[in-house]
Amino acid sequence: MKNHQEKIRNSLKKRHARERRFRLYGLLSVSVSILFLLLLLTDIVSKGLPAFTETRIKLDITLDPQQLGLGDHPDRDALFHANYSRLITETLKKMFPDAKTRKQRRDLKQLVSKSAAYDLRDAVLANPSLLGTTQSFWFLAKDDVDQYMKGRIDRTLPESQRRLKDYQLAWIDRLLAENRLEKRFNKTFFTASDSREPEQAGIRGAFVGSVLTLLVTLALSFPIGVLAAIYLEEFAPQNNRWVDLIEVNINNLAAVPSIVFGLLGLAVFIGFFGVPRSAPLAGGLVLTLMTLPTIIITSRAVIKAVPQSIREAALALGASKTQVAFGHVLPLALPGILTGTIIGMAQALGETAPLLLIGMVAFVADVPHGIFDPSTALPVQIFLWADSPERAFVERTSAAIIVLLTFLIAMNGLAVFMRKKYEKKW
Amino acid sequence: MTTEALPNTDPSAESAALQQARENNRAALDVTVDKTVGQPFVENPKISTRHVHVFYGDKPAIKDISLDIGRNQVLAMIGPSGCGKSTFLRCLNRMNDTIPTCRVEGDFRLDGEDIYAPGQDPVLLRSRVGMVFQKPNPFPKSIYDNVAYGVRLHGLAKNRAELDEIVEKSLRRAGLFDEVKDDLHKPGTGLSGGQQQRLCIARTIAIDPEVILMDEPTSALDPIATALIEELMIELSENYTIAIVTHSMQQAARVSNRTAYFHMGKLVEVNDTDRIFTTPQHPLTENYITGRFG
Ligand SMILES: Nc1ncnc2c1ncn2[C@@H]1O[C@H](COP(=O)(O)OP(=O)(O)OP(=O)(O)O)[C@@H](O)[C@H]1O
Ligand SMILES: [Mg+2]
């Protein structure tokens, strides 16, 4: 007896040591993953944060009707088509008479964004009585000026290696001295769609495209997936060869690379059924194919976990199979099913490859108004911007990633919330 | 250690007793069960079964059982674990239909009507033959909704007032009303085990079945809750026909009119409860009720 106790005591020492070691390993792996996550986040945030501010330039513009080429009583149409960009150029020339050569004059125009002319036009259209007066406008600055303001252009470098020449820097210095340059919150990024000009580019179109695509995906994959799971778990004959075959196939589908779904979507939905290319409908259909296996597999697991005793209780009271499935099993499984669905949706949100194949990679400067309009999606927009040479697109890429991640975190948070809120104990 | 813990027991005497028991068992197992002894049939039965065979896959679980359950009587089914009591009970409301591998053969009649006939609807049958399970299984709903579930399902109450009345009456008959009357809208799963089981009984009698099947309804309960439910069974047998599976001989003796002893898928002996417990006819039955087997 004593011998036994001694043995146990000795082995206990070893067991405790092993436990401590294991805990250490666990802690280590958690730390490593947190480290990687932090690295990723700090990189993205530090790159992306500047994109949330933009630079604006204040110009005092005399809205001379003559210079705009307008008559005495111009109608709306004339106001719309007047040459506002020349007015801006003239104002700049007057401010900086030192711009002599043709190249310098062209660069002078490059201080403000092309959107300035539209802003001016919209102001005049909204209030024609401005004509003949002198007004101050805060126009969007060109991306190079913006980059300089954010410290991304090093003026100590030799002139040939910078995006801005010495004389351009001198203009910027003068504007700064006159308090005509200001950094503001970048509303454009959230209200505009994609643009060739980085300072005018925003994620609104991609965001709306993603939301529409996800709505299509949800509307299709949730009912189909849940009904399929209920059928397979509650109604399908057990140990049947066909059911086994279906099960194997669903599991296989979950592992098929997404690009294959893209090809399938291109051939079937667009090629055969004539769904419009680049449309959220096409994207949603393809992503439905991808998320269905996820939803079916998680839903089946959750449905399986509903205690058999609940089914028996209802059956013994004279409930039919359908009443048991929809009155007892589904409500109990719903929180888990919703969690699975949201995780599937989150996957779909980040999916890029299949969308590239069905043409959601096209340059779309409009916000889509429906599921038939051409559109892009957030991850595709990130892909597009990451591929652009302009520096200003680098920070926009990271900013778009931040928006995407926020969206994802919100969705996953919703999943956790739903699980906590509706989880039932039995 | 064991011998030290029981200082009064003489080890040699015990092993002798054990040996005797083993021999008895071996002798008992050699006795073949060809025919049920006692009186498996009654006049004007509520349920009658003939030549019942049940298989799980290829494995037989019930072998040629014929048995009647008398009207407004309590039939107790006893026997060692795995002998097929639950399987037989579940045949009576076709709960075995839900087990894909289970195959049921034989003739089952409720009031002379074949319950396995092709046109028979198991849903209707289960509203006539209610069941209470071994493990209390209230729905994760309020106490009220638990009892009201079946009533709503079958549309038995015309309006809310009538439903309230049925719920209250059922809870009263199950002896639970006074304990829960202020908490009717709290979850049924929050009750104690014994209360949950009485809730399940209330739920079953709320739809007013003709027969109630109970599979070890008190096996998870303390003596007080058990006594309450036993009282309830005796009371219910005035209006209902009850079949109960139990491992407690005392319970069988207390509540039942007739007792059936099952052994390895066969029905060994059926008789009036007093006769089974005083003068068992089959050696297997005797071994079991005297505690030498099972
Ligand atoms: N779902 C099932 N699938 C396969 N075999 C089963 C199933 N249910 C029961 N059996 C088998 O049928 C036989 C009888 O089981 P049953 O549950 O009827 O016994 P029981 O008398 O109720 O036992 P206990 O007193 O332990 O509840 C056992 O051998 C058991 O292994
Ligand atoms: Mg049993």
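**Close-ups of a predicted model**

**View 1. A ring pair linking distant parts of chain A.** Over all chains there are 16 aromatic pairs. Here Phe52(A) and Phe190(A) are stacked, because their planes meet at 15° and their ring centres are 5.8 Å apart. Phe52(A) belongs to the loop between helix H1 (2–48) and strand S1 (53–62), while Phe190(A) is in helix H8, 138 residues apart from it in the chain. Phe52(A) is buried at 15% relative accessibility, but Phe190(A), at 33%, is partly exposed. Both join a cluster of ring pairs along with Phe185(A), Phe189(A), Trp385(A) and Phe393(A).

**View 2. Inside the largest nonpolar core.** This core has 96 residues, and Phe88(B) and Leu171(B) touch the most other members. Helix H14 of chain A provides the largest share, seven residues. Beyond its sequence neighbours within four places, Phe88(B) is in contact with Thr49(B), Val52(B), Ile62(B), Ile65(B), Leu67(B), Met77(B) and Phe262(B).

**View 3. The largest pocket.** Have a look at about 500 Å³ of space. Of the 18 lining residues, Glu233(A), Glu234(A), Gln238(A), Gln308(A) and Thr98(B) are the closest to the centre. The lining is made up of eight charged, seven nonpolar and three polar residues. Helix H13 of chain A gives the most, with four residues.

Notes:
Residues are numbered from 1 along each chain as its sequence is written. Chains are lettered from A and ligands numbered from 1 in the order in which they are written. This is a predicted model: local features need pLDDT of at least 70, side-chain atom pairs count only at pLDDT 80 or more; totals for chains, interfaces and linings use all residues. Side-chain values use heavy atoms; hydrogens and water are left out. A nonpolar core is a set of buried Ala, Val, Leu, Ile, Met, Phe, Trp, Tyr and Cys residues joined through side-chain atoms within 4.5 Å. Buried means under 20% relative accessible area, exposed over 50%, partly exposed in between (1.4 Å probe, protein chains only). Helices (H or I, at least four residues) and strands (E, at least two) are DSSP runs, numbered from the N terminus. Contact means heavy atoms within 4.5 Å. On a 1 Å grid over the protein atoms alone, a cavity is a set of points where a 1.4 Å probe fits but cannot get out, and a pocket is an open set with protein on both sides within 12 Å along at least five of seven lines; lining residues have an atom within 4 Å of a point. Grid points are joined across faces, edges and corners, and a volume is the space filled by probe spheres set on the points. Ala, Val, Leu, Ile, Met, Phe, Trp, Tyr, Cys and Pro count as nonpolar, Asp, Glu, Lys and Arg as charged, and the others, Gly among them, as polar. Rings of Phe, Tyr and Trp (its six-membered ring) pair if their centres lie within 6.5 Å; planes under 30 degrees apart count as stacked, over 60 as edge-to-face and the rest as tilted.
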